[in-house]
Each structure stands twice: as structure tokens, then as C-alpha cells.
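Dear colleague,

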Amino acid sequence: MKAKKRQFLEENTSLSLNQESLFPSKGKLDIDDEDSSDESVVESSDEEVLEKETEYFNKLQAKSAQTIEKPYSSDVDDDVSDDEDLRNTVGNIPMEWYENFPHIGYDLDGRTISKPIRNQDELDKFLDKMENKNYWRTVHDKQTGRDHVLTSEELQLIQRLKKGSFYTSGIDPHEPYVDFFTHEKMIHPVTNIPEHKRSFTPSIIEKRKVGKLVHAIKMGWLKPRKPKTDESEEPKFYDLWEETESKTPTNSELARQKMAIPAPKTQLPGHEASYNPPPEYLPSQEEIDKWKEDDEDERKLDFIPEKFDSLRQVPQYPTFIQERFSRCLDLYLCPRQRKMKVMVNPEELIPNLPKPKDLQPFPTFQALCYKGHKAMVRTISVDSTGQWLASGSDDGIIRVWEVATSRCLREITTLGDQPVKCVSWCPNKSVCLLAVALENKIVIINPSIGDKLIYSATDSLLQSFQPLADEETTNKQESEKSNAVIPPWKTVETGLPYQDGQRLVITHPKDVSKVTWHAKGDYLACVVPGNGHAQVFLHQLTKQRSQTPFTKCKGAVQSVLFHPTRPFLFVATQQYVRVYNLVKQQLTKKLMANSKWISSLAIHPGGDNLLVGSYDCRLSWFDMDLSTKPYKTMRYHKRAIRSCCYHPKYPLFASGGDDGNVVVSHGMVYSDLMQNPLIVPVKVLKGHKVERNLGVLDCCFHPHQPWIFSSAADKTIRLFT
Amino acid sequence: MGKIKKKYEAGAATQYISRKQACRKLQLSLADFRRLCILKGIYPHEPVHKKRVNKGSTTNKTFYFLKDIQFLLHEPVINKFREYKIYVRRLKKAEARLEKGIANHIRENKPTYRIDHIVRERYPNFIDAVRDLDDALCMCFLFATLPKSGRLHIQTIDLCRKLTVEFMHYVIATRSLRKVFVSIKGFYFQAEVMSQPVTWIIPHSFPHNHPTDVDFRVMSTFTEFYTAMLGFVLYKLYQTQNLHYPPRIPLLSNVNVTLNDDNKKRKRKEEIQSLCDENEKSLEVVASLNMPLAQFQDANDQEEDAAADEEVQDLLKEGLTETQEEDQKKSEDEIKQRKLFEGCKMFLSREVPREAMVFIIRSFGGEVSWDITAGLGSTFSIDDEKITHQIVDRPMNEKPYISRYYVQPQWIFDSVNAKMQLPVKGYLPGDVLPPHLSPFVNEENGAYVPPERQKVIALQRGEDPGINADEDELSEEDESEEEQEEEDGEGDEENVEENIDEENESPVVAITPGKKDVDRKLNPDQIAAEEKRLAVMMIPKKQRRLYEKIKYGERRKKREAEQLTQKRKAIDDEKKATRKKEKRRKRAA
């Protein structure tokens, strides 16, 4: 079969190619090669044709080989030549558009090309197929509606295209190359301009450039590019501290190391930071609200504790980066400081004192309560025998109690209803006298109590007094000299006041606040505050005369006190205690109490130690041999100290304050001068109630028992034994 | 007459310098000064007399020591800062002129600087650097999790990741992890490096919200220093442990083959591994923390030496003083803790935070693996029969293996903190977990100790092994007992009431015997208390302040502890009541 086909092709090689007949409408396109779109269209149509052609070809081959052997008659060519001038001008459009028209386009002259009448049914087609020799090479041209029989040239062309060779058969693809422009050498040059000089000389600009580069290289400005390496970007690590062991640091380095303060570490999280904390660490709604309201600095935690049921539910912490950032800021912006943290066991701070148990006896509990006063008891005093207790209250009544039974034996009401400022028993055991400070008077009372011999003797002693005439004149002279009023003495001889025991009345220009006896019981000192320079008066009972020892007085005198054995007078102003020698009539010492307002004074029976209580809660112990400053200051009371006292026999002292407590302390003074007094608080006595912000107003020890009396604003007097 | 002294020419005023003055003196911009201060670790100082230092003015200023600033003057990095400034200017100019070649050339010659000398200067001894590792680790761990979004240098993030992985490898290799804590902020870890406690926090593995109120320049300057410092520290640490410094995994190529027998799975695995290239693979395997690191050749000899040392120590043990014995005991405990998970084979489900868990389990000697598709580096599959624990953090759906415990991740953390493997009851999947407690709380001096902690302490002592046996049963028993008690109690009360009624009815007209005054005979405690009170009165003023402060602090602590116990008690009571109610309802039904 193949051989036959080849034969057939060879036979047809002589046929001339008729281009226009095959592609009537596209004859021009061959010239117009540049238009690629058109080209592709041509190709596609070519392909179509080819396909059909091959189809037919194959069919034909299958049918009969004999018919091929004959050369084609020329009448076929005639048919084709008839069609030559029939050209459709509609262009490359789908011919289906003309389906419903009688024509299929227009020719070159604009006349319609009518559709050929082809009513071939299947039978006709079959017959045609069977009978028509040229059926296999007949192609239907849709544009003209005619059948076209392919010539042998056209068939050859198709074969060539199929092989992919040239369009025309005559082209040799491997022709020797002919150089179009230079294969013919011309005798005349294209331009005849002579060469410029600079084309023969080296360029100066280049030279300069090169010179610059050379210079740059010489100077080391221009360096060859570094070889690119990835490793150079990553930091390389090595043993940085290799030589440190062998190298000794310089002094400046050492100083820097010494000065450097390492950053404090961040606080480690507690249970509350857990993702699953114990329930007690979870805040209630109120606490959450409070946390949200609070300022950021005030918050104790910087987050709200939360509970998650399992680990997978825990989300990212929203301010994680911010927290790190704030740590960074702390590290480089916060000043650092070394803070010494005191690691002290608080028990070690407590001084090691002897146990109170070893320091007995001292009053430990309340034994008796003396009730009867209607107003607060401002002052109390125990007589030298220790049997009787005198007390004065704010409603002007003085009561004398029997200590052992708390029975009120005397009630002196005739003095008026002004508050009794001070009562004081005469320390002389051979007389029975009570000095009472009331308004601007000092009333000397004989309460007629105790031993009848003594109190009757006291009366007779007072009555036997004979004033001397010259004394009066001297008094007057003195008063003129000191420019102060010498208070007149008045003897009470009859009437109700006498029956109540009043014996003498000394009237002062202003109110008397304090009265105190000399140890021997003859002299009396009293304080009259607000009386200009004469705030202190001294009265002598036996001679019934008075004097003002000071011509001038600095500050408001709070209290006065006689030295128990030596002729000294202690005068306490608000901040100082001045000690005067009465014999030499001069100031011997000025003690600084370190407090704002002294309230009370007490002197140790030995006479070398002084106790000063003040309204600013301080109780100061002065050792007069030691210094003018307190040997020890104690703050036993939470509120003002109203009174303080020494025990005449036992090494005890006590202070009473507005907090309602009486603090009893052991205060041992050694005869050895080298040893400092030992002060140990031994008991806080409670029992008095605080009324109107006033607590214990006065306290005093029993003269020979370790008992203490205290009077208070709650109208009672209590005895602690 | 001498010369008149001018003010502020001597004393404190000359020792301090304000920040602005310092910038001018160093000829640096504020930003550069800040960078320099961060790198060199210079911080401001608060003068005692601010007005004197401020030359009479009271404006608020930041002061530095003049000596510090003078010290900064000699810093070679300052020159590099200036060079960088010039570089930026030149590059800008070249780019503005569209001179691409020149710009490239300039870019290639970008000035770089190293801060090794600063690290050395700030930490003259290695141990100083270890002591200061906390912040460095926290920062690097944070940066390792930040997104590579162009806000930060990618190299920095990669370097941080590398360093943190290396550090974790070191901790695993030395088994020096001591405490772990899961907080709402992240995972806290405490390791003992060169016998120094080092604590760091890792954020939970979720993306961060990019904050707007954070200056990342400051953060990255810190990171610059920290990465350098951490790198040098790690080098030295690895050296002490005889490990290769950029850590190496031995026989990396063999890993693939030995793992799975199943052909199909191996194929899948190869597929997965082909997802990342060879370079990345080695990094990823290192980062999976699941392989031991390669040691130097002579490491084995040293191990032998160590064994010999131990023998010697055993011999020496006999002649020890008490304190030494205590130390010995402590170290023994430590060794025991190090081997906490030894012999355990754990499998992690994919919902469990892998890195943290692998780190913890491996640091205590356990073997660990995970699903092969969840990440590189898994060593055995879920169907391995030898698995002892599977860590699960979601409701169980698949059929469980009988041969292993299924526990929630908290079991791992709590066991580590308790220094013993806790009973798994209570940690099973679906259980309500017991509270997770912080191991960092100091429980001395009457601080509040939650009951869970007390239980753990009892367990550690081995006192009460059955305490955790079954909470529900116990509670049931309690309930039954309580109910009985209640019934009994009710009866008692009635009896008492009857008695009272009888008493009330009897006539009271009688002389009652007097009571003894109780106050007169105080019991010894009261006496002692009073004695102490009296002695406290005699504390000198100076020390009394201190004493009162200490006492105040103690009282506050006590109050807080008391509050917590009260709250806990209330919660427990409520719980009990609701449980009882439910039970009654059930019974009624």
C-alpha cells in the first residue's frame, strides 16, 4: 500500500501549484505575513482541510487502489477555472450566519452569491461517493457553497505542509550564506574624514580617574570588596572568661566592681498567680471591682487571679510584653540604692531585766475602793502614820478615810463648792494638820482624828502663837522691798468652820494650785500661778509668816518641792526644774526635762534622784549627781502623766496617767555611787475608768507598806496592795 | 583672708551630672545615650540632697554619677555609633540620587560592632554572669516567640530561638531543673546553674498582641546585650559539661531509620521530613529537645572519674559532722529528684504544650515522644506497649491502652515540685484537678499554707500514703460520720435543753458560794505575757521603732494568713453542704 501511495505522489509532482484556487479569499495574506492573528487563522483552516483530506485519502485507499492509477482528466480543471472569479467578500466569518438567507455573500461586484441548489439526500451522497472518481479529492467550500476538487499540486502542497517543510518545493534551506553588504568590496570609503588626534593619544580623563583610584588604593581608602560570608553575620562565641582567672584587675576596675549594684531580681510568683489556684486566692466580685478602681501603683497584685479547668484553656497573658518592657525600663531608668535590711529577732531587742517576781514586794492588785465623792477626786494624801487618807474632790468637799476599812471618818464641807486643788498632811508626827489649797487660800485644818493627845496638842500649839509686833513691820518692809503682797494669815477661832477643823487661812492674791510641806513640817511651799514674778510662796507655820523667795520667776511654775534633808527647793516650770539653795539663796542646778510640759515632781527619799512626769507622756528619772539631763526617760503611758511618786521606804516609784493606769516600777538606788539606779517596771495597775479623757489624777504610796493609793476622775479612790 | 569659696564647686554638686549634660559631654543623641547606658549597664543615681546637686534649682532631673559618664567616654562603641550615623546619612544621599551601585557599596560596608568587651567588663567573673541570667533568659525566651513580621530583625529572633534551645539542652544535659510553675502569665522554670538559682518565664504558646505602648528599640537593645552575654555563658557552660558548643546531635542520619519498623509510617515520616531542607532539619531536631547532645571524646573517661569520685565519697561518708551530713542528705535528695522520671516513657498528645513538657520530662530523665505528624523528633509512636504515661489534656474519645496511665499535664508539674511521683488519682482525664501551687512561696514564719500543700508535705514524709487514695470515698465516709454525729448532736442538744429547763425552774433564793478572784492567781502563761509586756516598755526608743515595725509586719502577715484560712474554711463548708444536699436529694429520689 505504501509503495502505491508513493507512486501516486511521485506521479503528481509535476502538477503546478495553483494557490489562488485553493485559498481564494486569502491570496493576499501570504504577502502580509506580519499579521499573526490572520496567520493563525490560515493555519487552522489549513489543518481542517488537511484532516478532511487525509480522511478521504484513507477512505479511498481502503476502497480501491486501482482508480488511483489513472491520471486525472483535465475537465476537472475546467470546473475549477469557472469558479475562479467567484469570490465571497464576507470575510472569515462563520457561514452559519447565512443559513436562513437565500444567498451566502457578495462577490467582488457587490452582487449576491446565491446558494447552489444542493438537495442531496443520503442516497445521492452515497451514489456520488460510489460513482464520482474524484470524490476523495473533493472539498466543500463553505464560502462559495461549491465543491472543489483538489488538484495534484494542491495535494502535494498539503503533503509538504504536513511534513513541516517549506511552502514551495523549490526552496533550499541550506543555501550557502552570502554576506550581503561586504561580499563585494567597494573601492571608496563610506566617510572620508581623517582620524582625530585624540584617538591616538591616551585619554586624560581616564588617566585622572585611574590616578584617583590608585591614590585611593594607596591611601587605603579603597578596599577590595569583602568576600560575602553568612557566618560573619552570626556572632561567634568563645571562652570569654578564659584569662580572667590569671589576670589581676586594676584598681579602677576593682572600684567599679565594688560600686556596681546588681539589679534586684523580680519577685517570684505566689499561689495566686497559678492557672489553677486554690479557691481562697480567687477574688470575690467586690475585690475585683476594687482592683479595677484602684490606682496601678496601689494594687497589691498586677493581675486578677483566675482559674482555668485545664491547661489547654489558658490563653496568652495579654500584657506579657508590656511587663517585660517595664522591667527593662526599671533596669536602665531606676536609680539603685543599697538598702540594709535588718535581720533582727524581735525577742533580742527586749532588754534583759530581772523578773518582777524577784523584786517583790510591790502592789499587785486592787484591795479596796473608797467610794463617796460626788465629783472627781483631784488630790489625795496619806498621813505619816499611814492610818488616814485625805482626799479632795472638785465639789469642794474634803474627806478623811480610814485606810484599813475604807470608812469615811470626816467630811469637811464648809469650804465652799470650789474644787480642792491640793491636800497635804503635815509630815510632822507630833501634829495632826492638813493643808488644803482651795481657790486663793491655803486652809490649815486639824481634822481631830487619831490620837487625841496629838490633835488636842496641835490645837493648843496653834493657839499659843503670839505674833510679834516687829515682825509685822518687817513683813511690811519685806513686802515693800519685794514689791509683792505678803499673804495675810487669819486664825479661825469659832463657828462652823472651827468645828469642821479649820484653824488657819492664808489668803493669796491669786488661785493656789499646789501646796507642799517641808519634811520637818514647819514650812509650807505653795504655787500661785499667774501671779507675775511671785508665783512661789513659803509659809512658816510656827511663826505664821510668809515670804516670796524669788524676786523674779522665769516661766509658769508648775510645781515646787522641798529636798527631804537639805535646804533645797525644786521649782518646776514648763520645761525646766530649777534647784535653789535656800540658805545660800542661789540657783544651784537647772535640770532639763526634755519634755514640753511638766506636770508633777517627786523626789527620792535619799534626795539624789528626782522623778518628773510630763503631759507629753514622759516620765524622766534624774540622777542629780550624774547630769542635768534625765538618766532615763520612760514612756509607760499612752496619755498624759498626771502624777508620780516615790515610796518612802521601798525602792518603788509609780506614775498615774490619763490612760487610767498606774504603773509601778522598781527603782533601786544603790549607795555605791558608781552604780546607776536600776529601773524595772513591775506592774501595771488597772481599774480606774477614764472619764472625760481624764484618768488617774493623783497617786501616793503608803508610808510604810508597799501599797499605793490612786484617785481618779471616776470619783473613786483605790488602794492596790 | 582666704579666697571666697563659690557655691557648687565642691561636694555633691560636682559628683553628679544631669542626663542632658551627659549627652552633651558624650556628644550623643538621647537615643544613642540610652543605647549606650543599656549596653554598659549604667543607671541613674538619686542624690541625697537633690537641691544641692541641682545647684539650687528644684526642677526634676535625672542624675548620673560623673564618674560613670567619664567611664563611658572611653567606650569604643561610641565611635561605632557615630560611624553608623554617617553610614545612614551616606546611604540616604546615595539612594536619593538613584546611585544604585554606590548605595550597594555603602550598604556592603555597613559598620558593625561587637560587645564582647562590654560583657566581660560587666561580668568580670563567669559566676557574675550566671547570677544575672534571669533577665537575659526571660527576654530571649520572649523574643524567640515573637513573630518575624519586620518590626524586629529576623536574625535577632532566630538567634534568640537558637540560644534558648541551647540553654534548655544544657539544663537537660545537667538535669539541673528544680522547680516549675504554670502561671496565667506563662511557664516559670527554676534551674540550678553552677549552684545559682536561675529563674525564667516562657509565655504560653499563643501569638502575642502587638502592643502599641512598648518601645521595641529599647527592648531590642537589651536583647542585643543579652544574646551576646547568653552566648558566651552558654559556650562556657557547654565547655564545663564537655559538650560541643553549637550543640550537635550524634548520628543524626541514623535517627530516621531506627525509629519505626512500619514501612508505611516511615514513608510518611520521610515525606514530613522532606518538608524542611537538610539545614533546617538539623536545627529542628536540635530544637525538638528530644535527642541527647554529642560529647567530646574524652567524656567517658571523665564519667569514670566521676564514678570513682563517688566511691571515694562513699568511703568518706563515715567520718562526717552533722552539718556535712545534712548537706549530704540534701544532695542525696537532689540526686533522687534528678531521677524523678527515669524509666518513664511518656507520650504527649498534640494539645499539650510540647516544648515545655519535653523540656521538663527530659530534664528529669524521662523518655518522651509525640505524634509523628505533630513535629520533628518523635522517637516512638502511640502504639508502643512500653509507654507508661500518656499526657492528655482533653476528653478521651479513643480506646485507652490498659498498660499506661492517662494523666493531665498538671501531674508532671506537681510531681516535679513535690520531688516525687504523685499518685495519678485526681489527675486522670476528666478529673477536677487539685489546685496547682507555686513552689516559690516561702512557708516559714506562720505564713499561710494551703491544705493541698500540707497534704503534699505529708506525702513527702511518707506519713500518710492513703490520703490521696480516694477523695470521694473519704468525703463520703466523712459525710456518713458527720450525719451520725449530727444525729447524736441533736439528741445531746435536746438533753441539754431539758437540763437547762429543769435548772431554770428551781428557785434561786439562796446564798451562793463566793467565787474565787481569778485575777489574783494568774496562770504562768499570763504572768509570762505580762512580764514580756513590761519588758517591752523598757526597750529604748531607737530600737522600739524597729521592734514595733517588726511586730506590725508579723501581725499583718498573721492577719492575712488568718483571712485566707477563714475564706478557705467558708468555701469548704459550702462545698460540703451542697454535696450533702445533693446526696440527700439522691437518696430521696
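How many salt bridges does a search of the whole structure find over all chains? Please bear in mind that this is a predicted model; the search finds 46 of them over all chains. One of these links B:Arg568 with A:Glu280, and the closest N and O atoms of the two are 2.9 Å apart. B:Arg568 belongs to helix α23 (residues 541-588) of chain B, whereas A:Glu280 sits in the loop between α9 (251-259) and α10 (285-293) of chain A, so this pair joins two chains.

The aromatic residues come next. Over all chains, the structure holds 37 aromatic pairs, and one aromatic cluster is formed by A:Phe237 and A:Tyr238 together with B:Tyr170, B:Phe232, B:Tyr235, B:Tyr238 and B:Tyr245. Charged side chains also lie over aromatic rings: in chain A, A:Arg299 is over the face of A:Trp291, at 3.8 Å from the ring centre, and in chain B, B:Arg122 is over the face of B:Phe225, at 4.2 Å from the ring centre.

For helix packing, please look at chain B, where the axes of helix α2 (residues 19-26) and helix α3 (residues 30-40) come within 10 Å and cross at roughly 95°. Because of that angle, α2(B) counts as roughly perpendicular to α3(B). From α2(B), the residues B:Arg19, B:Ala22, B:Cys23 and B:Leu26 meet B:Leu30, B:Phe33 and B:Leu36 of α3(B), a contact that by class has six nonpolar residues, one charged residue and no polar ones.

The peptide bond from A:Gln360 to A:Pro361 is cis, with omega near 10°, and A:Pro361 has its place in the loop between α12 (346-349) and β5 (366-371) of chain A. A:Asn594, although not a glycine, has a positive phi of about 60°, and this residue is found in the loop between β22 (586-592) and β23 (598-603) of chain A.

How values were computed
Residues are numbered from 1 along each chain as its sequence is written. Chains are lettered from A and ligands numbered from 1 in the order in which they are written. This is a predicted model: local features need pLDDT of at least 70, side-chain atom pairs count only at pLDDT 80 or more; totals for chains, interfaces and linings use all residues. Side-chain values use heavy atoms; hydrogens and water are left out. Rings of Phe, Tyr and Trp (its six-membered ring) pair if their centres lie within 6.5 Å; planes under 30 degrees apart count as stacked, over 60 as edge-to-face and the rest as tilted. A charge sits over a ring if NZ of Lys or CZ of Arg is within 6 Å of the ring centre and within 35 degrees of the ring normal. Axes are lines fitted to C-alpha atoms, for helices over the stretch in contact, and angles run from 0 to 180 degrees between N-to-C directions. Helices (H or I, at least four residues) and strands (E, at least two) are DSSP runs, numbered from the N terminus. Angles under 35 degrees count as roughly parallel, over 145 as roughly antiparallel, 65 to 115 as roughly perpendicular and the rest as oblique. Contact means heavy atoms within 4.5 Å. Ala, Val, Leu, Ile, Met, Phe, Trp, Tyr, Cys and Pro count as nonpolar, Asp, Glu, Lys and Arg as charged, and the others, Gly among them, as polar. A salt bridge is a side-chain nitrogen of Lys or Arg within 4 Å of a carboxyl oxygen of Asp or Glu.
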